[in-house]
Amino acid sequence: MRAVVQRVSGASVTVAGEQLASIGAGLLILLGVTHGDGAAEVDYLAAKCAGLRIFRDSEDKMNLSVADIGGEVIVVSQFTLYADCRKGKRPAFVDAARPETAVVLYEQFVERLRQAGLRVGTGRFGADMQVSLCNDGPVTILLDTREMMNRTGGGAK
């Protein structure tokens with residue numbers, strides 16, 4: 001799984017003119033699923049995102065998590081995080097999981113964040129979405145479970 005985690009002062013997601021979610025300070029997470037991803041990747045990545053200390057504390061250091069600041073989260077499915085641009089100029093998406101697999105893991109990821117006590121809004125899986133955000137910092141973090149779990153032995157740090 002891959003996630004692009006952005007610290008935002010505000011974000012929203014809209015489909016066909018209908019606003020599905022809107023938040024103030026918090027995280028906008030773009031989530032991609034690949035072949036072979038499962039419950040272990042969902043649990044690891046959700047724990048990592050929920051605990052990521054990228055918000056400023058009273059000394060202006062990135063030392064607080066989204067829960068620590070009482071922030072909210074929007075999670076948007078993003079199969080294009082698995083775009084392969086090595087050949088030609090048109091991306092290939094063969095590394096993205098099939099929708100019937102990806103949607104289940106996407107929903108599990110959202111549920112794990114909610115179980116962590118976070119308020120989570122979502123886009124609509126597979127829809128043409130318009131995502132607006134004000135990136136705070138800017139702070140943008142790329143997380144990839146294949147890289148992270150292999151280095152750490154699979155446990156969230």
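Predicted model: local features only at pLDDT ≥ 70, side-chain atom pairs only at ≥ 80, totals over all residues.
Numbering runs from 1 along each chain as its sequence is written, and side-chain values use heavy atoms, with hydrogens and water left out.

**View A. Asp-84 and Arg-86 form a salt bridge.** The closest N and O atoms sit 2.6 Å apart. A salt bridge here is a side-chain nitrogen of Lys or Arg within 4 Å of a carboxyl oxygen of Asp or Glu.

**View B. Asp-144 and Arg-2 meet in a salt bridge.** Their N to O distance is 2.7 Å. Asp-144 belongs to strand S8 (residues 129–144) and Arg-2 to strand S1 (residues 2–15), so the contact ties together parts 142 residues apart in sequence. Strands (E, at least two residues) and helices (H or I, at least four) are DSSP runs, numbered from the N terminus. Asp-144 is buried at 9%, and Arg-2 is partly exposed at 25%.

**View C. Arg-119 and Glu-72 make another of the structure's 9 salt bridges.** Here N to O is 3.5 Å. With Arg-119 in strand S7 (residues 119–122) and Glu-72 in strand S6 (residues 72–77), the pair ties together parts 47 residues apart in sequence. Arg-119 is partly exposed at 48%, and so is Glu-72 at 24%.

**View D. Phe-79 and Phe-93 pair edge-to-face.** A search of the whole structure turns up 2 aromatic pairs. In this one, the ring centres are 5.0 Å apart and the planes lie at 70°. Rings of Phe, Tyr and Trp (its six-membered ring) pair if their centres lie within 6.5 Å; planes under 30 degrees apart are stacked, over 60 edge-to-face, and the rest tilted. Phe-79 is partly exposed at 48%, as is Phe-93 at 32%.

**View E. Tyr-106 and Phe-125 form a tilted pair.** Centre to centre they are 5.8 Å apart, with 50° between the planes. Tyr-106 comes from helix H2 and Phe-125 from the loop between S7 and S8, so parts 19 residues apart in sequence are tied together. Tyr-106 is buried at 5%, whereas Phe-125 is partly exposed at 30%.

Key: Buried < 20%, exposed > 50% of the residue type's maximum accessible area, 1.4 Å probe, protein only.
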